[in-house]
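I opened the two-column view, sequence beside coordinates, and kept notes as I went. The entries follow in the order in which I looked things up.

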Amino acid sequence: MSASAVHSLWTTAAEPIAKIDAPKIEYGQLSPTLIVVGAAIVGVLVEAFVPRKHRYYAQLFVSVVALAAAFAAVVALAADGYGTTKARIAAMGAIAVDGPALFLQGTILLAALVGLFTFAERRLDPEAHGNRVDSFAAQAASVPGSDSEKAAVKAGFTTTEVFPLLLFAVAGMLVFPSANDLLTLFIALEVFSLPLYLLCALARRKRLMSQEAAVKYFLLGAFASAFTLFGIALLYGYAGSVSYGTISQVVDGTVKNVNPALADTMGNDALLLIGTALIVMGLLFKVGAVPFHMWTPDVYQGAPTPVTGFMAAATKVAAFGALLRILYVVLPGLRWDWRPVMWGVAVITMLGGAIVAITQTDIKRLLAYSSIAHAGFILAGVIATTPDGVSSVLFYLAAYSFVTIGAFAVVTLVRDAGGEATHLSKWAGLGRRSPLVAAVFAVFLLAFAGIPLTSGFAGKFAVFKAAAEGGAGPLVVVGVISSAIAAFFYIRVIVLMFFSEPKPEGPTVAVPSPLTMTAIGVGVAVTLVLGVAPQYFLDLANQAGVFVR
Amino acid sequence: MSFPLLTATAALPAIGAVATAAVPAARRNAAKSLALLVSLGTLALAIAVLVRFDPDGSRYQLTESHAWIADFGVRYELGVDGIAVALIALTALLIPFIILAGWHDADPLETGSKRWRPTQGFFALMLAVEAMVILSFEATDVFLFYIFFEAMLIPMYFLIGGFGDRAHEHGEQAASTQRSYAAVKFLLYNLVGGLIMLAAVIGLYVVAGSFSLTEIADARANGSLHMATSTERWLFLGFFFAFAVKAPLWPLHTWLPNAMQESTAPVAVLITAVVDKVGTFAMLRFCLQLFPEASKWATPAILVLALISIVYGALLAVGQRDIKRLVAYASISHFGFIIMGIFAMTSQGQSGATLYMVNHGISTAALMLVAGFLISRRGSRLIADYGGVQKVAPVLAGTFLIGGLATLSLPGLAPFVSEFLVLVGTFSRYPAIGIIATFGIVLAALYTLVLYQRTMTGPVKAEVSAMPDLRARELAVVAPLIVLLIFLGVYPKPLTDIVNPAVQQTLSDVHQKDPRPEVEAAK
């Protein structure tokens with residue numbers, strides 16, 4: 001008896017098991033993210049195996065190459081038409097490769113590259129025991145003021161881990177605006193948030209303040225993440241899927257395959273509304289919109305200034321990208337419900353940020369509140385719910401990131417014995433001491449204020465125009481009123497720099513290495529180019545203004 | 001393509017500003033000479049514009065049009081009508097005198113100081129202002145106009161806040177504080193006005209779908225663009241508010257006395273004689289053309305505000321103790337006349353208003369610059385610190401008198417013609433307002449002559465007894481202005497020929513005809 005015949009005595013052949021398809025991953029379309037993640041892992045290995053004295057240069061090299069390569073990949077994808085005609089959903093429906101995603105990824109990568117230069121700056125702080133130091137703690141694990149910290153400083157340790165941390169954060173930010181299902185969105189949120197919490201705690205000077213900032217950011221951020229996750233669960237209950245496309249179909253009432261297990265709850269509007277509110281809340285936390293802005297001033301002030309600059313620019317870009325995609329792809333059918341709420345948020349964000357900023361006496365806190373006001377302006381564009389709304393927000397984000405990084409880079413230059421002199425009174429008369437630095441900072445402030453011929457004006461005009469065309473005229477009026485209020489405190493800093501008498505014990509302006517100079521130079525150049533000849537970039541944003549569904 | 005004359009007229013001072021700022025710190029005098037040369041070159045270009053302009057030709061001439069920011073519907077569109085030509089000529093004419101008058105105003109206090117280079121900055125900022133003012137007179141694209149209307153605030157702000165009179169009764173620290181207060185007040189008033197205008201500019205685009213002045217005006221005229229009455233009124237108010245701050249019209253005027261008092265005399269002239277004209281010019285060009293119905297709707301209120309400006313400005317001028325503040329309040333009074341002329345909606349009124357802009361520019365420049373020379377000699381702005389100057393410095397006193405007489409519109413000097421036209425134009429439509437406005441002239445005589453009497457006549461005060469008379473440079477500033485005042489006072493025809501056709505076109509935009517004379521109507 002043959003083996004098979006024996007076998008068939010007591011068994012019967014089952015139906016062939018359906019094969020589990022190996023997931024199909026479009027590596028080429030995901031290459032920007034993959035390059036950055038890969039480089040981040042290489043960075044961890046460098047940290048483990050490369051001798052300490054070579055680490056800084058190795059890390060810097062890996063990071064610069066990775067960011068540049070990822071940017072090149074984004075450009076190649078865009079040139080290949082993935083932003084427009086070939087826009088598609090990749091990685092089994094998890095990632096969208098489309099215009100907004102590529103535009104925002106490009107912006108994040110460039111902002112990260114410029115931000116990286118300020119991370120790598122080692123000439124501003126005076127040398128400690130003959131070693132060049134950067135803005136980061138010598139050894140993060142040592143207790144501030146302890147002997148082990150002194151020993152670490154004396155040994156010339158530097159926290160080169162900041163480079164892989166930055167890359168991980170960037171990787172998360174790249175996925176965040178392109179996530180096409182809610183779980184990917186959540187994972188991306190965590191991937192970019194956790195490194196940022198850590199980076200915030202790593203300041204070399206004022207370490208306690210920095211750690212306090214990190215704890216605040218972490219706790220509030222954890223709350224926001226929990227809200228988001230809860231909202232995701234509710235939306236899953238509502239739609240029976242975490243995929244953006246399916247949820248939007250359920251919202252529109254055009255869904256085809258109903259998940260039998262969820263048939264009872266599917267289409268329950270309570271789940272939809274609460275779930276949406278919770279997810280949007282989490283995203284508004286990340287963009288720093290009122291009333292979820294409480295963390296912004298403390299974190300911006302406490303974090304090492306290069307981190308603040310990077311975070312202020314790139315987080316905002318990523319979070320607004322995700323917000324746009326959720327509101328425009330998942331929830332357009334719900335816009336009559338979310339628009340009134342967002343109107344309210346935009347109004348109090350614009351006014352709140354601008355009004356509270358007036359009373360600030362610390363330049364970093366001032367810029368924090370200014371970033372809140374700017375979040376409000378961008379929200380006005382989000383509310384437009386028109387194609388122009390998308391492209392104007394994209395343009396605004398690109399313009400805003402470079403001004404922000406440049407402005408914070410200038411803040412790192414103005415120093416006294418205690419490190420950066422961030423108290424406003426110390427900036428008095430800076431224009432007489434160092435006209436060039438003050439003039440550059442004035443350019444950034446004027447761009448923040450939205451004075452014509454700067455990128456800030458072009459961006460503000462774009463979002464306000466989109467908002468007005470989208471039927472949000474009153475929002476535009478609130479917007480210009482807040483701009484006027486905001487102009488007051490930007491101008492106050494200029495007055496202080498140029499028209500006040502310098503203090504005898506005032507801060508000095510450190511001469512930076514070419515790294516920071518590049519960061520500031522790029523900031524000024526982008527500010528002026530986007531202000532005077534924005535057409536090319538507006539075209540780019542226009543072409544990129546269509547989401548894939 | 002023909003030579004872009006309008007662009008060149010604005011580009012030359014803009015490039016000159018950059019070049020002046022780039023002159024090395026030690027070569028201070030080279031920077032001054034360069035700035036003066038550039039401003040003279042700009043004057044030559046402005047004269048070329050004047051020559052090439054044909055008063056009886058099409059409405060906008062020497063037009064240029066290029067794509068700029070297609071996404072916003074913004075084009076780089078320039079074109080001038082007679083009103084713009086006159087004001088460009090005024091601007092280009094005054095700047096060289098302003099630069100010459102301010103020759104030493106920005107010299108560093110301590111010699112050999114390398115830390116701060118105010119001199120280059122002072123003249124570069126002036127040229128930058130000139131470029132932006134000229135562009136805003138030329139722009140026929142609302143957005144383009146808005147950009148320069150707003151952007152010129154920044155160099156003006158630094159000119160006011162960064163450079164003040166040398167001497168100050170309360171010491172340098174107090175002077176610096178007051179100066180920055182004045183600069184901030186100037187900026188905030190104008191910025192708020194500008195931002196409100198921004199909302200209206202966006203609203204206009206949403207309604208009209210274009211920023212081109214000619215396109216919108218044509219569409220309005222042939223009825224293809226309809227605006228709801230309330231929309232038109234809101235947009236009009238948005239625009240008018242910004243221009244009324246700039247002009248300045250009561251009750252938005254309070255920044256002007258501060259700004260003029262604290263800045264040096266040449267900068268004060270720049271503010272009142274050049275920059276503020278953009279406000280009144282824009283009322284004529286944009287408010288009336290874009291929103292004719294709303295302009296008519298708002299006329300009564302605006303005329304009343306203008307009337308208050310005239311009387312209030314003049315009354316406050318009478319009571320001033322500070323020479324520069326006095327001139328500032330006098331200017332507020334004069335801007336009231338200009339705005340009244342514009343909104344009287346008669347051809348005499350608007351021609352008069354346009355002439356008034358030019359003549360007020362020249363006469364204020366003459367008066368204020370001489371006042372500046374006077375103040376720099378004594379180191380005080382207070383009228384009470386002077387007395388009997390005419391015995392010590394007769395030429396200075398004489399030119400001051402002529403400037404003053406021009407300010408009070410003495411017949412034979414240029415401002416008389418324009419003030420007379422404004423009053424006649426207003427009277428023919430609104431007799432009561434015309435009559436009350438006439439009191440402004442009486443008060444003008446009072447504040448000017450009392451100023452002259454207190455400072456120049458009477459016993460010679462000890463502090464002024466050694467006062468030198470006008471130097472050659474100062475005389476070179478004042479003499480041409482006075483010649484011009486007399487020439488335009490006796491023979492204003494060249495100016496009126498340029499201005500009148502443009503005024504007629506503007507009036508036809510608002511569908512207004514001159515009221516028929518009473519005698520004819522009675523027949």
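Two terms come first: I call two strands paired if DSSP finds at least two bridges between them, and helices (H or I, at least four residues) and strands (E, at least two) are DSSP runs numbered from the N terminus. The model is predicted, and local features need pLDDT of at least 70, side-chain atom pairs count only at pLDDT 80 or more, while totals for chains, interfaces and linings use all residues. Residues are numbered from 1 along each chain as its sequence is written, and chains are lettered from A and ligands numbered from 1 in the order in which they are written.

**Entry 1, hairpin in chain B.** I looked up E1(B) and E2(B), which pair in the antiparallel sense over six bridges. Four residues lie between the strands of this hairpin, and B:Gly73 there takes a positive phi near 70°. Opposite B:Leu78 in E2(B) I found B:Glu64. Of the seven residues of E2(B) (74-80), six are buried; buried means that 20 or more other C-beta atoms lie within 10 Å of the residue's own, exposed means 12 or fewer, and partly exposed is in between, with C-beta atoms placed from the backbone.

**Entry 2, B:Ile69.** This residue is in strand E1 of chain B. B:Ile69 counts as buried because it has 20 C-beta neighbours inside 10 Å. I then listed its contacts, a contact being two C-beta atoms, placed from the backbone, within 7 Å. Apart from neighbours within four places in sequence, B:Ile69 touches A:Pro534, A:Gln535, A:Leu538 and B:Val74.

Which residues of H21(A) are buried? In this helix (535-543) they are A:Phe537, A:Leu538 and A:Ala541. Seen down the helix axis they fall within an arc of 100°, so they line one face of H21(A); the arc is taken over the directions from the axis to the C-beta atoms. I noted that they pack against H4 (99-119), H15 (387-413) and H20 (514-532) of chain A, and against strand E1 (61-69) of chain B.

The contact takes 29 residues from chain A and 30 from chain B. On the chain A side, the elements giving two or more residues are H17 (435-449), H18 (455-469), H19 (473-499) and H21. H19(A) gives the most, with twelve residues.

The contact is made by A:Val114, A:Phe117 and A:Thr118 of H4(A) with A:Leu515, A:Thr516, A:Thr518, A:Ala519 and A:Val522 of H20(A).

I traced an open sheet of three strands in the order E4-E3-E5 (chain A), with antiparallel pairing. E4 (419-420) and E5 (508-509) stand at the edges with a single partner strand each, so one side of each is left without a neighbour in the sheet. Two bridges join E3(A) (414-416) to E5(A), and A:Arg415 stands opposite A:Thr508.

I placed B:Ser333 in helix H13 (323-343) of chain B. B:Ser333 counts as buried because it has 26 C-beta neighbours inside 10 Å. B:Val442 is 109 residues away from B:Ser333 in sequence and 12 Å away in space, C-alpha to C-alpha.
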